[in-house]
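Here is a short briefing on one protein model. Look at the structure first, then read the points below.

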Amino acid sequence: MNDGFIWLDVSLAIGLLIVALYTLLTSDLFQAAVLFLVFGLLMAIGWCRLQAVDVAIAEAAIGAGLTGALLFNTLATTRTYAGSSSTKDDAGLQIFSFLGLGFVLFTVIGFTLMATAIMPVATSALPSGITIGDTQAESGVSNRVTAVLLNYRAYDTLLEVAVMLTAVWAAMPLRRLVVSVQPQPIGPMHGTFLRLILPTVVLVAAYILWTGSKTPGGAFQAAALLSAAGVLLIVSGVLPPSIARKRWRIVLVFGTMLFAIVAVEGLLVGRQFLQYRQGVAGASILLIETALTLSIATTLIFLFSYTSPKEIEDDAVDSFSPTDATALTEPTS
Amino acid sequence: MTPAVIYSLAGAALFSLGLGGLFFCRHFFQKILAMNFAGSGGFLVVVAFSRRQSELPPDPVPQALVLTGIVVAVSATAVMLTLYRRLVTSREPTTAPERPKG
């Protein structure tokens with residue numbers, strides 16, 4: 001793609017580095033969070049320039065959008081907005097650190113230059129020489145990235161959704177118990193906005209999921225959209241922040257379980273692990289993607305709710321003892 | 001000087017920046033952001049490698065791996081933020097301790 005837009009790439013690369021540097025050096029955490037959001041959106045443009053449109057959609061929705069929401073929510077919860085600037089006091093440490101950083105930079109950039117300039121270009125080929133292009137028709141989808149994600153490297157995706165489950169399990173004990181939260185009344189403009197935008201979001205998410213087999217899109221991008229709808233509901237006070245109710249946990253694991261069942265089902269019938277049945281690969285992929293969309297959206301909403309600010313007061317925590325457990329209850333479903 | 005080379009260099013620099021920020025930023029919130037920058041830098045390098053030859057269509061395997069990586073990075077960030085929140089509400093210090101003088 002050596003068109004005349006090389007100036008865009010250079011300025012985008014420089015802009016990315018400047019925004020990152022600013023984020024790490026600022027002493028205002030709110031500014032850092034906003035700059036991180038900006039960084040994510042610039043990265044999305046960069047992905048488009050590298051012709052990685054699936055990655056661009058995911059970065060904009062999850063990397064910038066949802067992470068930004070998590071950051072702002074955490075800042076609102078902790079109410080600490082003042083960061084601290086880097087060490088000003090120890091000159092020796094600073095010199096050593098810059099030398100060390102320079103060395104790392106030199107090594108990484110040197111390796112990158114070597115890899116791009118000298119090493120031969122390899123295409124994604126199996127040892128037998130089969131490339132993705134040869135078997136594209138069999139994989140069931142025509143979007144090559146979806147084919148890789150859910151067919152050629154489906155094992156990575158299976159482990160990835162398991163990792164997301166693990167993240168929820170890790171964050172779950174750290175959440176705060178909620179005293180009864182009064183649902184806030186919603187004003188007319190706010191209510192109209194919600195009524196207009198939420199069905200649109202669901203529709204667009206369903207479309208992105210469906211079209212992921214032909215054009216850029218897929219399960220993760222659709223899940224990011226659905227989670228954005230969930231975040232909107234939580235922030236509006238419609239859904240209580242402690243959304244991690246027991247019934248929703250079924251949706252949480254449903255996607256991973258279905259994926260695992262489909263993966264193992266082949267073994268029982270005589271195929272390999274994660275090998276789809278001949279001819280229904282496309283349908284299997286769509287089924288798995290639908291379940292994954294619901295699960296991943298729920299996972300992201302759970303993770304967001306664990307950073308929610310509508311929790312009990314800090315003083316109540318200090319006086320909390322196990323015998324007071326009856327005072328703090330899980331919200332009734 | 002194709003886009004691939006530019007973005008892989010930028011990714012390398014971003015990774016180093018994130019690594020440096022992880023060590024030298026005092027506040028834990030900014031350490032978390034620095035880890036994300038390092039991750040994004042790595043992703044840039046990987047996806048830039050998928051476009052090394054502009055004549056060929058982009059290589060989908062690195063793009064799928066980076067897609068996975070973005071989602072995993074968000075999950076890790078969410079867990080880190082929950083831990084950070086617990087730090088603050090338990091009134092533990094949120095900055096790295098001062099290096100002792102001498």
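This is a predicted model: local features need pLDDT of at least 70, side-chain atom pairs count only at pLDDT 80 or more; totals for chains, interfaces and linings use all residues.

Residues are numbered from 1 along each chain as its sequence is written, chains are lettered from A and ligands numbered from 1 in the order in which they are written, and side-chain values use heavy atoms, without hydrogens and water.

**Cysteines**
- Cys25(B) is buried, at 6% relative accessible area (buried is under 20%, exposed over 50%, partly exposed in between; 1.4 Å probe, protein chains only).
- Cys48(A) is partly exposed, at 41%.

**Where the chains meet**
- In chain B, 72 residues are in contact with 93 residues of chain A (contact means heavy atoms within 4.5 Å).
- The two chains bury about 7400 Å² between them, 73% of it on carbon and sulfur atoms (buried area is the accessible area, with a 1.4 Å probe, that two parts lose on being put together, summed over both).
- On the chain B side, Tyr7(B), Leu67(B) and Arg85(B) lose the most area to chain A, together 10% of what that side buries.
- Chain B and chain A have 0 salt bridges between them (a side-chain nitrogen of Lys or Arg within 4 Å of a carboxyl oxygen of Asp or Glu).

**One residue in a helix**
- Leu267(A) lies in helix 10 of chain A (helices are DSSP runs of H or I, at least four residues, numbered from the N terminus).
- Leu267(A) is partly exposed, at 48%.

Terms used. Helices (H or I, at least four residues) and strands (E, at least two) are DSSP runs, numbered from the N terminus.
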